[in-house]
Amino acid sequence: MYNVLMFVDSGVDDSLALMYALQHPDINVVGVVSAYGNITKEQSINNTAYLLKLAGREDIPVIAGASGPLSGETAVFYPEIHGEEGLGPIQPPEDFVGLEVYDINKVIQIVNDYKNNLVIVGLGRQTDLALPLILYGKDAYKNVNALYLMGGAFLVPGNVTAEAEANFYADPIAANSVLEKAKNINLFPLNVTNKAIIRPETINFVANNTQSPFKDLIKPAYDYYYEAYKKLVPGIEGAPLHDVLVLSVLTNPDMVKYIPRRVTVELFGRAKGKSIADFRPKPEEEPPETLDNIAIELDVERFVIDFMEVFLSQTNTNNKSL
């Protein structure tokens with residue numbers, strides 16, 4: 001069983017990843033940090049609370065993340081990708097009476113409660129992951145087994161600019177800080193997550209046969225996301241579930257191949273948010289503690305099968321005890 005602390009912005013992709021985690025028999029979600037991304041922090045918290053309520057997992061603490069990047073710039077949202085509320089056409093209720101929302105200090109409490117038995121999965125902007133490193137210093141995550149992060153793009157174009165991926169572009173200062181200070185990072189950039197495509201016929205089959213508490217959300221959320229992708233990438237045959245892939249690899253570690261490199265992020269200028277690593281045959285030697293594991297190859301078929309198996313399983317999310 002993997003104890004997982006998730007960092008999300010609860011747009012379509014992050015939300016499907018949270019559904020996956022709550023549904024997975026080998027994942028125990030011990031907390032969800034919810035913050036700005038393609039929607040506001042408040043919308044993200046609301047979506048997270050809605051999904052936890054549907055799953056009967058209101059015991060999982062919801063932690064309020066940041067409203068914008070460390071630079072102080074105003075966050076830019078892209079409602080055409082995830083919808084005005086982040087879940088495509090779905091409008092979650094806004095009446096979560098009595099919901100307790102914790103501040104970022106709860107992250108350190110969870111890290112200490114699950115000392116050396118915790119994985120952090122960061123699926124959104126890196127701002128909230130950077131905050132404990134600022135508040136508590138570079139050893140804030142020393143008792144965390146590993147960090148699994150979705151971000152960056154290597155040897156492929158970006159998805160916000162020609163070179164930058166959205167999570168790194170939105171807060172490059174935070175992304176660079178996390179990559180330089182945290183240890184045991186497994187990084188999932190666009191060069192592998194772009195391949196994690198789930199086709200509409202797969203979604204239709206899952207939606208028609210799943211017993212998941214999210215049964216009525218999966219297809220409309222996916223369909224909205226796929227329609228947006230068809231405009232961005234003409235001819236694409238499905239929607240890439242970037243964030244779901246990260247959790248799928250956590251529980252299927254041989255699904256990807258990694259290459260160890262030191263990763264930094266460009267902070268300013270036209271290349272803002274660009275992820276940088278040395279891919280030469282003989283890269284510059286770096287101290288071992290600075291190396292990150294960059295996912296470079298993916299077994300797509302295994303990912304699709306795993307996605308289907310998890311959502312078609314009869315797991316009762318209420319049975320997972322904290």
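Modeller: Happy to! Thr 127 sits in helix H5, which covers residues 127-136; helices are DSSP runs of H or I with at least four residues, strands are runs of E with at least two, and both are numbered from the N terminus. Please keep in mind that this is a predicted model, where local features need pLDDT of at least 70, side-chain atom pairs count only at pLDDT 80 or more, and totals for chains, interfaces and linings use all residues. Residues are numbered from 1 along each chain as its sequence is written, and side-chain values use heavy atoms, with hydrogens and water left out.

With a relative accessible area of 1%, Thr 127 is buried (buried is under 20%, exposed is over 50% and partly exposed is in between, with a 1.4 Å probe and protein chains only). Its side chain is joined to that of Tyr 36 by a polar contact of 2.7 Å. Such a contact is a pair of N or O atoms within 3.5 Å; within protein, one must be able to donate a hydrogen and the other to accept it, and residues adjacent in sequence count only if both atoms are side-chain atoms. Setting aside neighbours within four places in sequence, Thr 127 touches Tyr 36, Ala 66, Gly 68, Pro 69, Leu 70, Asp 171 and Ala 174, where a contact means heavy atoms within 4.5 Å.

Beyond four places in sequence, the contacts of Ala 175 are Gln 126, Phe 168 and Val 265. The C-alpha atom of Ala 175 is 7.4 Å from that of Ala 130, although 45 residues separate the two along the chain.

Just for background, an α-helix has 3.6 residues a turn, so residues three or four places apart point the same way.

S3 leads us to Arg 57, found in the loop between helix H2 (41-54) and S3. Arg 57 is buried at 2% relative accessible area, and its side chain makes a polar contact of 2.9 Å with the side chain of Asp 59.

For contrast, here are some other places. Leu 155, in the loop between strand S6 (146-150) and helix H6 (166-170), is exposed at 71% relative accessibility. Its phi is near 65°, a positive value in a residue other than glycine. Asn 184, in the loop between H7 and strand S7 (185-188), has a positive phi as well, near 55°. Leu 232 belongs to helix H10 (215-232) and is exposed at 53%.

Stepping back, the protein has 12 helices and 13 strands. Its radius of gyration is 18 Å, close to the 20 Å of the globule rule for 322 residues, so the protein is as compact as a globular protein of that length; the radius is taken over C-alpha atoms, and the rule is 2.2 Å times the number of residues to the power 0.38. Of those 322 residues, 57% count as buried. Among contacts between residues at least 6 apart in sequence, 82% join residues at least 24 apart.
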